[in-house]
Amino acid sequence: DERGEDLKGPTDRLMGLFVRLGSMRGLAPDDEAVQKQIEALQNLITDHYYTCTHEILADLGRMYVEDTRMKNAIDQAGGEGTAELAKQAILVYCSR
């Protein structure tokens with residue numbers, strides 16, 4: 001299915017962002033490198049799915065930790081604690 005292939009690219013890139021974010025788990029949520037990943041996350045969602053406002057991004061950040069399936073997928077991609085780092089970094093990003 002062609003549409004499935006179209007979605008595979010952005011989905012793979014989205015999970016790739018979580019892999020990179022996971023490699024930054026030793027950094028603070030407000031570290032510039034971490035914040036650049038959050039900016040890239042927001043841009044990827046906006047470019048491929050829907051307009052991701054700061055309000056929507058903040059809601060996603062909470063879901064990344066509160067929704068067990070999302071948390072497990074993100075932590076599987078980036079390592080234990082990646083979902084929590086994403087949530088905290090998104091809070092910082094959206095408050096700027």
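**Close-up views of cysteines and salt bridges**

**View A. The sulfur of Cys94 lies 7.7 Å from the closest cysteine sulfur, that of Cys52, which is too far for a bond.** The model shown is predicted: local features require a pLDDT of at least 70, side-chain atom pairs count only at pLDDT 80 or more, and totals for chains, interfaces and linings use all residues. Residues are numbered from 1 along each chain as its sequence is written, and side-chain values use heavy atoms, with hydrogens and water left out. The structure holds zero disulfides, a disulfide being a pair of cysteine sulfur atoms within 2.5 Å. Cys94 is buried at 19% relative accessibility, and Cys52 is also buried, with a relative accessible area of 4%. Here buried denotes under 20% relative accessible area, exposed over 50%, and partly exposed the range in between (1.4 Å probe, protein chains only).

**View B. Arg96 and Glu32 form a salt bridge.** The closest N and O atoms of Arg96 and Glu32 are 3.8 Å apart. This pair joins distant parts of the chain, 64 residues apart: Arg96 belongs to the segment after helix 5 (82-95), and Glu32 to helix 2 (residues 32-48). Helices (H or I, at least four residues) and strands (E, at least two) are DSSP runs, numbered from the N terminus. Arg96 is exposed, with a relative accessible area of 56%, whereas Glu32 is partly exposed at 47%. A salt bridge is defined as a side-chain nitrogen of Lys or Arg within 4 Å of a carboxyl oxygen of Asp or Glu. A search of the whole structure finds five salt bridges.

**View C. Arg69 forms a salt bridge with Asp67.** In this pair, the closest N and O atoms are 3.6 Å apart. Arg69 is exposed, its relative accessible area being 69%. Asp67, by contrast, counts as partly exposed at 23% relative accessibility.

**View D. A network of salt bridges links Lys71, Asp75 and Glu80.** Side chains of opposite charge can pair when their charged atoms come close. Lys71 counts as partly exposed, at 26% relative accessibility. Glu80 counts as exposed, with a relative accessibility of 62%.
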